[in-house]
Amino acid sequence: MPTSTWNRHHVLSLADFTTAEYDTVLQTAASFQEVLSRRTKKVPSLQGQVVANLFFEPSTRTRSSFELAAKRLSADTLNFAAATSSMTKGETILDTAKTYLAMGTDIMVIRHREAGVPQAIAQEMDRLGVRVSVLNAGDGQHEHPSQALLDLFTICTLIDPNHPHLELLKGKKIAIVGDILHSRVARSNIWSLTASGAQVHLAAPPTLLPKLFAEYVCEEKAESRQLFLHWQLEPALQDADFVMTLRLQKERMTAHLLPSLREYHQLFGITRTKLQLCKSNVKVLHPGPVNRGVEISSDLMDDPEFSLIQSQVTSGIAIRMALLYLLGSGKVSGI
Amino acid sequence: MPTSTWNRHHVLSLADFTTAEYDTVLQTAASFQEVLSRRTKKVPSLQGQVVANLFFEPSTRTRSSFELAAKRLSADTLNFAAATSSMTKGETILDTAKTYLAMGTDIMVIRHREAGVPQAIAQEMDRLGVRVSVLNAGDGQHEHPSQALLDLFTICTLIDPNHPHLELLKGKKIAIVGDILHSRVARSNIWSLTASGAQVHLAAPPTLLPKLFAEYVCEEKAESRQLFLHWQLEPALQDADFVMTLRLQKERMTAHLLPSLREYHQLFGITRTKLQLCKSNVKVLHPGPVNRGVEISSDLMDDPEFSLIQSQVTSGIAIRMALLYLLGSGKVSGI
Amino acid sequence: MPTSTWNRHHVLSLADFTTAEYDTVLQTAASFQEVLSRRTKKVPSLQGQVVANLFFEPSTRTRSSFELAAKRLSADTLNFAAATSSMTKGETILDTAKTYLAMGTDIMVIRHREAGVPQAIAQEMDRLGVRVSVLNAGDGQHEHPSQALLDLFTICTLIDPNHPHLELLKGKKIAIVGDILHSRVARSNIWSLTASGAQVHLAAPPTLLPKLFAEYVCEEKAESRQLFLHWQLEPALQDADFVMTLRLQKERMTAHLLPSLREYHQLFGITRTKLQLCKSNVKVLHPGPVNRGVEISSDLMDDPEFSLIQSQVTSGIAIRMALLYLLGSGKVSGI
């Protein structure tokens, strides 16, 4: 597998990912996708290594995906869930991470409701001079790199199953619709999709896509990158190749950021009718779990002609195997 | 192992199990019972396959039994518990099942407090044309097939350890005592035991064995099957070969279906004295966990001369290995 | 590995451990420490065996340590947590243990908030004549043998990494500071350290080190053993080689056994200044999780010159591998 271009020790953010790195991840995931189609879907790559899932914020779905990816690489897994842990006993997050380090963990997969926690842990590991890798599985409203990479992989393999790579998206129009402001998924996707040369169109009500946010994000991008913002859905959908919908946290409504769910669905929910604005072979993505009839109409979600939602979950295993493999085997060559 | 007679893709209910299927399960379990007596109690049968335990209703005991059975077949396991899951995030049960499908699950073991959920998931999987198998690990008050099969295996191996098969029970008298109305274990056992040609005698207070239920269940049976109902314990115990006690949900009392636990024990609790009505070599079963001194007297439960309770737990591993193996290897030959 | 001196079937307490047994555990752990430095940190010693972690009192840290130790010996693991179990359904603790026995468990690792539970389970297993081993992972305020053994291993390997053995501690001065009265860690450490011939000095406020306790503990010891008690910190620290701090349960304060945390830290918290009373190469231990700034000052905890806290966690894996291995392979030779 093409690991020669891989020198990264942690995966915390996609902000500084290079094209070569994206392509290495995509091609490694494609190799594992092939493994997953075999009868015995296991490889011995990480035998004897330990992957610890430190989920300070609970998530059965993402934790299961990382756990299965690790098991298919023959790694041993440890699951830590904040609720039943000594966090309640007054231990700091860094102390918890250092405990799992001292037990012999090779890769830490970390989710936390505060932005920056995986970075802080990675910095501490580097300061200690240890070779443990940190993988950000979602930190607050900051980033969720493995989700954006699996979205990228899902789209690229649709275009070219045998050779998924970043450039395939050049010139494609991709709409990201929904609660942009609070979404770590959107943030990571903005990095990867603009890096690919796609035209990225964000669409949300003003409360979920403030002007200030727009300016901040746009300024960060190189001028060659193409990012557009809309407070209506239609211009974002017009001739779009892909529509990424985001999960709506129902709590937002109580904070008066949203009208009723019904009104939200009317204005920004994706339906068959609205998809007629897009290219005829448009596909719809959603990171899950979906609020049926809110972000997306229920029948559309189940329609394999339009929905990539199941492919995204499958891609998640291949992408997480790829990331764990690249971090794990990087470690080996370093020893 | 004798899998030629096995064409079943899911195990949801025992209602339509054939004699050949019962015997295939019993003989496969007997082979695994032999494996479990070896020093290394593991076989590579399901290596690389994924068994997901989707327990929407929590149960440590049954989940541990399925988990260990899967591990002894060298499968990878994923555990899902409703409490910590995205069920609270508004995802439907079918969406959860489809997520685990998309991750690459081969066999789903499903427990839910509503009757029919495993069936609904199995139907959806069939509609999608995928080869994932569904195993009902208890759905509401409907069925709990693996429990009835392990009860059957426990009794049959007692009679003939080397060649357990359904016909061994022909003519035996088996009493099922307790909360018949609410028991999925009783329902599954009624199917398997009447299929064997045993005389099945149900005994419970009228509130837990209503006349209507009796008529409904009896009508479903072929006339050749022998099912008898009693509102007193004694006629059920008279000359019985086996007594199956059921777990009493203490919540039933608050619903005024029961007098005090003390009075219940006096009328329907199994004690040494009451066992004198039975055959001299009578054995007692209970699916666990037992309310000591309610369904069964505490000393009787611990008496290996009468109690098969520990054997039932051991049989549970062998039966669940057999079911996973038959579903899993069926899948393989189909690929 | 040197197992010829090992005849113990359970590890419940260190009270009757012999020097030969201590040395066997230490040397076996040293062998595994070497395995842990390899690329593939796994050995097939317990393949096909089942280690069940029955944690009636929750502890993510200790459970993870035992789970990883078992996995590195290639055992299959089952985790039981009281909260989600049928304990709430009225099953007794012995019934739960017997259920895991009947499933085929080879080694039970048991934690319970009541003293004596692991012993009671071990007695029941012996009464039943089964070969399952019980390992006490902390019972009430009684003992926590694996913690004391990992402390011992941490200290001994510091003195002689290649050949850790009990006699290395002869004549060393070791202070144990903090909530002695409620600490199962302190009780187990008192047994092992006095057995080594070290001078053991306990230091705590009188409410946490009552005179009666002192007399009781001292009387139990052979006169050759050296155990000293102090109600001030200074005489315990004077020329100490090692300082073991204990976790302070904050609940103690509400029971009026303690002044404020601030005052406790002033009187009994370990700081750089106070360490100047000790030998210049003194090392500090803590079983974790640490209340930073209470039992020990935050900067001292992170200073690798003084703190052995991370080494203790690493030693925990090696010691638990050693204990599981000795219990597991003892079982094999017996079959």
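This is a predicted model: local features need pLDDT of at least 70, side-chain atom pairs count only at pLDDT 80 or more; totals for chains, interfaces and linings use all residues.
I started with the contact between chains A and B, which takes 21 residues from chain B and 23 residues from chain A.

Next I looked up which elements of chain B are involved. Strand E2 (76-81) and helix H3 (93-103) of chain B each supply at least two residues of the side that touches chain A. H3(B) gives the most to that side, with 5 residues. I also sorted the chain B side by class and got 7 nonpolar, 9 polar and 5 charged residues.

Then I moved to chain C and a helix pair. The axes of helix H1 (residues 19-36) and helix H5 (residues 145-159) of chain C come within 10 Å and cross at roughly 70°. I count angles of 65 to 115 degrees as roughly perpendicular, so H1(C) and H5(C) are roughly perpendicular to each other. The crossing of H1(C) past H5(C) is right-handed.

Which residues make the contact? From H1(C) I listed Val25(C), Leu26(C), Ala29(C) and Ala30(C), and from H5(C) I listed Leu149(C), Leu152(C), Phe153(C), Cys156(C) and Thr157(C). By class, the contact of H1(C) with H5(C) has 8 nonpolar residues, 1 polar and no charged ones.

Last, I checked helix H5 (residues 145-159) of chain B. With 15 residues at 1.5 Å a residue, H5(B) should span 21 Å, and its end C-alpha atoms are 21 Å apart, so the two agree. Is H5(B) mostly covered or mostly uncovered? I found H5(B) mostly covered, with 13 of its 15 residues buried.

Technical notes
Residues are numbered from 1 along each chain as its sequence is written. Chains are lettered from A and ligands numbered from 1 in the order in which they are written. Two residues are in contact if their C-beta atoms, placed from the backbone, lie within 7 Å. Helices (H or I, at least four residues) and strands (E, at least two) are DSSP runs, numbered from the N terminus. Ala, Val, Leu, Ile, Met, Phe, Trp, Tyr, Cys and Pro count as nonpolar, Asp, Glu, Lys and Arg as charged, and the others, Gly among them, as polar. Axes are lines fitted to C-alpha atoms, for helices over the stretch in contact, and angles run from 0 to 180 degrees between N-to-C directions. Angles under 35 degrees count as roughly parallel, over 145 as roughly antiparallel, 65 to 115 as roughly perpendicular and the rest as oblique. A crossing is left-handed if the near helix is turned anticlockwise from the far one by less than a right angle, and right-handed if clockwise. The expected span of a helix is 1.5 Å times one less than its number of residues. A residue is buried if 20 or more other C-beta atoms lie within 10 Å of its own, exposed if 12 or fewer, and partly exposed in between; C-beta atoms are placed from the backbone.
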